Amino acid sequence: MNSPLYGKFRVSQGYKGVSHKGIDLVGIDSKEIHSTVDGIVEVARWDAKLGASGIDTKYGMGQYVRVKEENTNYRYYFGHMSQILATPGQKVKKGDAIGIEGRTGNATGSHVHYEIRRTTSNATFLNVSELSGIPNQLGIYEQNETADTDPDFEEAKRKVQEKAGLDDNTMRYLQEYRYGKELIRKLAAAIG
Ligand SMILES: [Zn+2]
């Protein structure tokens with residue numbers, strides 16, 4: 001399973017094709033949204049319908065982030081954020097925090113709308129449940145963040161933990177921090 005929310009989360013609305021092109025997830029253990037792929041942030045802003053009075057904050061995906069996957073044309077959409085933690089042009093690794101779950105845009109409650117398209121075209125949406133392994137069924141699931149990780153990062157983490165004599169909880173805390181993964185990689189490189 002490759003979910004943008006770690007720990008326990010709830011599927012609040014399934015993928016239904018044209019009538020619901022993504023899957024809706026509600027964080028239980030954490031509201032932090034993580035990139036599910038390595039790629040480039042192409043969009044990080046309001047899904048704007050600009051009117052005379054400015055942005056309509058109840059429109060579409062609200063504050064959202066779009067990531068283009070490295071080496072493919074697939075676009076990953078993360079909608080309705082309360083806070084965006086990424087900037088356009090930024091390179092992201094799978095697992096990097098890119099936002100905080102919220103209810104901006106056309107949303108009745110706090111959740112992340114997670115959608116995958118083959119291109120940026122609205123008509124090329126894919127079955128996000130099949131691609132991510134997140135069950136297309138309402139219920140509570142759990143993603144163990146260490147289940148499917150990048151071996152280079154694991155090596156960096158091991159090195160930093162050992163050298164600094166940190167416990168597992170501290171490492172987890174560090175990793176969850178906005179620039180934590182980047183910091184761990186840099187520390188590991190400094191240790192050599
Ligand atoms: Zn949705």
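I took helices (H or I, at least four residues) and strands (E, at least two) as DSSP runs, numbered from the N terminus. Residues are numbered from 1 along each chain as its sequence is written. I noted that the model is predicted: local features need pLDDT of at least 70, side-chain atom pairs count only at pLDDT 80 or more, and totals for chains, interfaces and linings use all residues.

Entry on Asp167. I located Asp167 in the loop between helix 2 (151–164) and helix 3 (168–176). I counted 9 other C-beta atoms within 10 Å of Asp167, so this residue is exposed. The classes are buried for 20 or more other C-beta atoms within 10 Å of the residue's own, exposed for 12 or fewer, and partly exposed in between, with C-beta atoms placed from the backbone. I also checked Asp167 against Pro4, 163 residues away along the chain, and found their C-alpha atoms separated by 25 Å.

Entry on the sheet. I counted two strands as paired if DSSP finds at least two bridges between them. I read an open sheet of eight strands in the order 10-4-7-8-12-2-1-13, with antiparallel pairing. Strand 10 (91–92) and strand 13 (139–143) are at the edges with a single partner strand each, so one side of each has no neighbour in the sheet.

Entry on strand 2. I found four of the five residues of strand 2 (residues 23–27) buried, so the strand is largely enclosed by the rest of the structure. Four bridges pair strand 2 with strand 1 (residues 7–13) in the antiparallel sense, and Leu25 is the bridge partner of Val11. Strand 2 also runs antiparallel to strand 12 (residues 112–117), joined by three bridges. There, I saw Val112 as the bridge partner of Leu25 and Tyr114 opposite Ile23.
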